[in-house]
Amino acid sequence: MKHTLRQVFESGKFVSGFAIFVAILLVVTIYPLLVPEPPLRIIGQGTFFEPGIYVNVYDSISAPHFTLNLDEAAERRIAGRLADRDRGAILTWLVGVGIPESEIDIANTEQLLDQWFSNFDPTVRIPGMTNADRNYYIRLNSSIQGLLSTEDVIIAHANEETASLEAAGTIRPSAYVNVGQIPNVRILPLGTDNFGRDVLTELVKATAVSLKIGFVAGIIATTIGLILGLVSGYVGGFVDDVLMFITNMFIVIPSFVLLILISFSISQEQRGAVTIAVVIGFTSWVWTARAVRSQVISLRNRDHVNLSKLSGHSIAHIIFRDILPYIASYVVMALILQISSAILAEAGLSILGLGPKTTEVPTLGLMMNWAMIYQAHILGKWWAYLPVIIVIALIAFSMNLMNTGLDQVFNPALRE
Amino acid sequence: MLDERKPCLRGRGLTKVFGLGRSKTVAVDHVDFDFKEGEVISIVGESGSGKTTLAKMLLGLINPTEGEIYFQGKRRDISSNRKRKAYWKQIQAIFQDPFASYNIFNKIDSVLLDCINMIGGKRLPHEKKVEMMAEACGFVNLKYEELTNKYPFELSGGQQQRLMLARVFILKPKILVADEPTSMIDACSRATILDMLMQLRSEGGMTPIFITHDIGLAYYVSDTVYIMEKGRFVESGSADDVILKPQEPYTKRLISDVPKIYEEWDLSTV
Amino acid sequence: MNRVILDVRGLTTKYITRYRENVYAVDGVSLQIEEGKSLGIAGESGCGKSTLALSLMGYYFPPLHYTSGEIIIDGINISKMKPDDVRKSILGREIAYIPQSAMNALNPTQRIINFVEDVVQAHDSSVSKKAIYEKAKELFESLGLPAEVLHKYPVELSGGMKQRTVIAISVLLLPQVLIADEPSSALDVTSQKMVIKMLRNLMEIGYIKAMIFITHELPLLYNVTDDIMVMYAGQIVEKASAHDAVFDPLHPYSKGLMGSIIVPEEGLRSTKLTAIPGVPPNLKNPPSGCRFAERCKYAKPECTVTAIPLREIGNGRAYRCIFPEDELRRMYAKEAAQHA
C-alpha cells in the first residue's frame with residue numbers, strides 16, 4: 001500500500017494534476033474566509049462592470065488632498081478619457097481637412113491633440129459632413145478644452161433652508177488622494193456580472209458547489225456501479241443476467257436525455273444543487289458497472305480467489321478482501337472520471353436552464369447560463385464567462401491528468 | 001479386482017459443459033473414477049484436455065453439469081456454506097502458478113492464520129498459533145521468524161509453493177489436489193516440493209491427486225495414472241502399466257513425443 | 001576443425017534498473033560455435049540464459065546495456081557496430097532470434113504472406129512481391145509446411161503451426177546463426193516435437209549454419225544440440241558435449257540439475273531426484289568467490305575467497321569449480337554409493 005502510494009506520487013502527471021486540484025480546493029476553502037460576503041449579493045447597479053479597482057468618489061472628496069505637480073497629468077487625463085470612437089472621429093476630421101493618413105497616429109494622444117488644435121475650425125465644412133456631425137465635433141472640442149482647463153472644480157452642497165448652493169471646497173486638477181486613506185475601495189478583479197454581482201466571489205462559490213455536485217454525483221455513480229458490477233460479476237448466472245439487462249437498458253437510453261427529462265420533471269423550486277447531483281449520479285453509473293463487472297469476472301477464477309474459498313471464507317469476505325483490493329485502483333480512476341464528467345454534466349444541464357434553482361447558490365453551469373442569457377459573449381464582456389470556462393477546464397484537466405498518472409502506475413504496459 | 005483400501009473419491013458420469021448453444025464446449029465428458037485412500041493418483045492430459053476443469057469439480061469450486069461425486073462412500077453434499085467449509089477441511093489444493101495463488105494484499109501470517117481458524121483454532125492463544133505456524137513453516141524448511149510480516153510475493157516461486165504446503169500441513173486434509181504443482185518452478189526445487197508432498201502423504205494419510213501435463217512427473221510420483229484426452233479418460237491403470245506398456249494410441253503417442261535421455265527419441269513419428 | 005561461425009569473447013551485459021542499479025545478467029561469457037554445430041544453454045530461471053540470447057544479437061535497448069566483450073559472426077565484429085547498422089544488416093541476415101512467445105508476435109489482422117513481405121522488404125525494398133512469394137513457398141515446402149499457410153491469418157493456425165511459421169520466416173534471409181529461446185515451451189508435446197524436428201531440418205538442409213538453443217528442459221536439450229553449456233548467475237559454469245553434460249556433469253550445479261531430470265523411462269521411479277536448497281544470488285552484488293558456493297554441499301571455505309576461473313580440460317570441456325575433475329567424480333561416486 002505504502003509502496004503503491006509512493007509510486008503514485010512519483011508519477012509526474014499525477015502530481016501535476018493533484019497540485020492543480022489541491023490549489024483549486026485551497027482557493028475554494030480559503031477565499032470565503034477572507035471575503036465573507038454572500039456570493040449572490042447584488043453590489044453593482046447596472047450590468048457587467050469591468051474588472052478593476054473601484055474607489056468611492058464621495059470618500060475621495062472628503063479625504064485629505066495632496067498636490068502633486070506631475071507632468072503630462074493633463075494629457076494622460078485626456079488620453080484616459082478620450083474614447084476610441086472620439087479618436088476615430090478626430091482622424092476622420094483631420095483626413096477631411098487634408099492631412100495624409102500616414103501622418104496621423106491615433107494612439108499618440110499628444111501628437112493627435114496638437115494636430116487637432118492646429119486644424120480644428122468650427123466654421124470649416126468638410127464635404128459629406130452632416131449638421132449633426134458638425135455639432136458633435138464642436139461638443140468634442142469643448143469637452144477636450146474643458147479637460148485641459150486648469151481651473152478648479154468647486155464642490156458645493158445645497159443649503160436646506162435657503163436652497164442655495166454653498167461652496168464647501170475646491171478640487172484642483174493637481175489634487176490627489178491616497179487610496180489607502182479612503183475607507184471604501186472595492187477591488188473587483190473579475191468585474192461584475194449581468195446582475196451586478198462580484199464575479200470572483202461568485203466564481204469561487206460556484207466552483208465549490210460544482211465540486212460538491214461532482215463529488216456527490218461521482219460517489220453515487222461509482223457506488224452504484226461498483227456494487228452492481230461486483231455482485232453481477234462475482235455471483236454470475238441469473239443475477240448477472242438481470243443486472244446486465246438493467247444496465248444495458250440504461251446504456252441504450254442516452255443518459256443525458258434521461259438527465260434532461262428528470263431535471264425537467266422536478267420543479268425548479270425543488271432543484272437544489274444536491275438534487276441535481278443525485279440525478280446526475282443516478283444516470284451515470286452504467287459504464288462503471290460494466291467495467292467493474294468485467295474486471296471481477298477475470299478475477300473470480302484466479303487462483304488466489306480459489307485459495308480463499310478453500311480457506312473457508314464467505315462470499316462477502318472474498319468480494320471485499322480478495323477482489324475489491326485488486327480493482328481498487330481501477331475504481332479510484334473511475335471515480336475521478338465520474339467526478340469530472342459530473343461537473344461537466346451539471347454545466348451542460350445548467351446551460352440549458354435545467355440546473356439547480358437560481359436563487360440559492362451559483363454553480364459553474366449557472367454562471368455560464370447567465371452569461372449566455374445576458375449575451376456577455378456578444379457584448380464582449382469576457383469576464384463573465386471566460387474565467388468560468390477556465391475553471392471548468394482546469395478541474396477537468398487536473399482530474400484527467402491524475403487519472404492518466406494513475407493509469408500509468410497501475411498499468412505497467414503504459415509506463416515509459 | 002478386489003481392493004481392501006477404502007474409497008475416498010469416486011465419480012460417476014461426471015460432466016462439465018461450458019456455454020450454451022453453438023458455443024457449447026464439453027470440457028469433461030462423462031468421466032468415471034475410483035480414487036482409493038492413500039494411493040498417489042495422476043491425471044495426465046495436454047492443455048485443453050479438461051484436467052483442470054475436472055480438478056475444480058473435485059475441489060467443489062465449480063459444479064458439475066451432470067454426474068455425481070462420492071466422497072468417502074457418501075454422495076458429496078456441498079449445497080450450503082457450512083457443508084462446503086466442512087468439505088474443504090478434507091480436500092485442499094496447490095495451484096500451478098505460486099505468484100497468482102496468494103492475495104497480494106495479505107501477509108504470510110494471514111495465509112496461515114486462515115488455516116488455523118479453519119481447523120477451529122480461532123480462540124487459541126496467540127502464542128499457540130505462532131507455535132503452530134512455526135511448526136508448519138519448519139516442516140517445509142522455511143523460517144517463520146523470517147516470514148512473519150512479509151508478503152508471499154517477496155518469496156521465490158519454490159518458497160511460495162512450500163508455503164502452500166505449510167497450509168496443507170496445518171489443515172491435514174484427506175485429499176490434496178495438486179494442479180501442476182512444479183511446472184512453474186525450477187527443476188532444482190521440484191524434488192524438494194515432491195519430497196515434502198510425499199512426506200505429508202505418509203505422515204497424514206493424505207491422498208495426493210496430481211493434475212499434470214508432464215508424463216514423466218506422473219510416472220515418477222504416482223501409483224495410478226489416468227490419461228485424459230478431450231474430456232475423457234482414455235487409459236488408466238498402475239503407473240508402470242500405463243507408461244511402460246501403453247495400450248491406447250493416444251497414450252503411446254503422448255509418451256513417444258516426450259524427449260528421453262536413455263532411449264532414442266524418434267523424430268520420424270510426427 | 002571446422003570454420004567458427006560465432007565467436008563470443010568475454011561478453012558482459014547489464015540491466016540498469018529503475019533505481020540506477022547495475023545487474024550483470026551476462027558476465028564474461030565466451031563461446032565458439034563451429035559450422036554445422038548446435039549449442040544448448042541450460043540453467044534455472046534468472047540465470048541469464050535469455051539475456052545472453054538477447055545480448056548475442058548485438059542490438060541493445062533499455063534496460064539492457066552492452067558493457068564489454070566481442071561478438072564476431074562469420075568474421076564480422078558486431079559489438080562495435082552502430083545499433084541501426086546492426087538492425088539493418090545483421091539481424092535476420094547474420095543472426096536470427098526466436099523468443100518463447102514468438103508466435104504471439106504475428107499481427108492478427110495480417111495474412112502470413114504480408115508479414116513475410118514486410119520482413120523481406122525491410123531489408124531489401126527492391127524485391128518484388130511475386131519473388132517473395134515464390135521464395136517463401138519454396139522455403140515453407142522444403143520445411144514441410146503447406147504453402148497455404150501463407151494465405152492464412154494467424155488465428156486460423158494452431159499454436160504449433162504458428163510457432164513453426166515464425167521459425168520458417170526467421171530463416172527466410174538465410175541467417176548464419178539461429179538463436180531459439182524456449183521455442184517450444186508453450187506448446188504441447190506433439191507440437192514441441194514438430195518444432196524440434198523442423199529446427200533439426202534447418203541445420204540439415206543448411207538454411208542455417210549454427211544454432212543456439214535455450215531451454216530449461218534438459219531432456220529436450222540433450223536431444224537437440226551437440227554441446228551443452230550450463231549457466232549459473234550470469235556465468236558459464238560448465239561446457240561439454242550433450243552426452244557428457246547429462247551423464248558426466250562436473251560442476252556441482254550441473255550435477256544437481258542433471259539429477260533433477262524426469263523422463264518417463266524405466267528406472268526413473270527408483271532414482272532419487274536431487275534437490276538444490278536455497279536460491280541463486282542477487283546479481284546486483286554477486287558473491288566474490290564461487291557464485292554457487294552458498295548452495296553447494298561440497299563447498300569449502302576457499303571457495304568463497306576469489307573468483308573461480310573457467311577451467312579448460314580439453315575436448316571442448318570446461319567447468320568453473322575449485323575441485324579437480326577426479327575429485328569431483330570421486331565425491332559423486334561416493335555419494336551415489338551411500339544413497340544405494
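1. Two residues are in contact if their C-beta atoms, placed from the backbone, lie within 7 Å. On that basis, 64% of the contacts in chain C between residues at least 6 apart in sequence join residues at least 24 apart.

2. This is a predicted model, in which local features need pLDDT of at least 70 and side-chain atom pairs count only at pLDDT 80 or more, while totals for chains, interfaces and linings use all residues. Residues are numbered from 1 along each chain as its sequence is written, and chains are lettered from A and ligands numbered from 1 in the order in which they are written.

3. Chain C has 10 helices and 12 strands; helices (H or I, at least four residues) and strands (E, at least two) are DSSP runs, numbered from the N terminus. Its radius of gyration is 21 Å, close to the 20 Å that the globule rule gives for 340 residues, so chain C is as compact as a globular protein of that length. The radius is taken over C-alpha atoms, and the rule is 2.2 Å times the number of residues to the power 0.38.

4. Along the principal axes, the C-alpha atoms of chain C fill a box of roughly 65 × 50 × 45 Å. Of the 340 residues in chain C, 44% are buried (20 or more other C-beta atoms within 10 Å of the residue's own, with C-beta atoms placed from the backbone).

5. Chain C is assigned domain 1 (4-230) and domain 2 (251-339), with bounds from an automatic or database domain assignment. The contact between them takes 12 residues from domain 1 of chain C and 11 residues from domain 2 of chain C. On the domain 1 side, strand 2 (22-34), helix 7 (218-224) and strand 9 (227-232) of chain C give two or more residues each. Strand 2 of chain C has the largest share, three residues.

6. The contact between chains B and C takes 31 residues from chain B and 32 residues from chain C. Helix 8 of chain B gives the most to the chain B side, with seven residues. That side divides into 19 nonpolar, four polar and eight charged residues. Here Ala, Val, Leu, Ile, Met, Phe, Trp, Tyr, Cys and Pro count as nonpolar, Asp, Glu, Lys and Arg as charged, and the others, Gly among them, as polar.

7. Chain B also touches chain A: 17 residues of chain B are in contact with 14 residues of chain A. The chain B side of this contact has 10 nonpolar, four polar and three charged residues.

Note on methods:
Buried ≥ 20, exposed ≤ 12 C-beta atoms within 10 Å, placed from the backbone.
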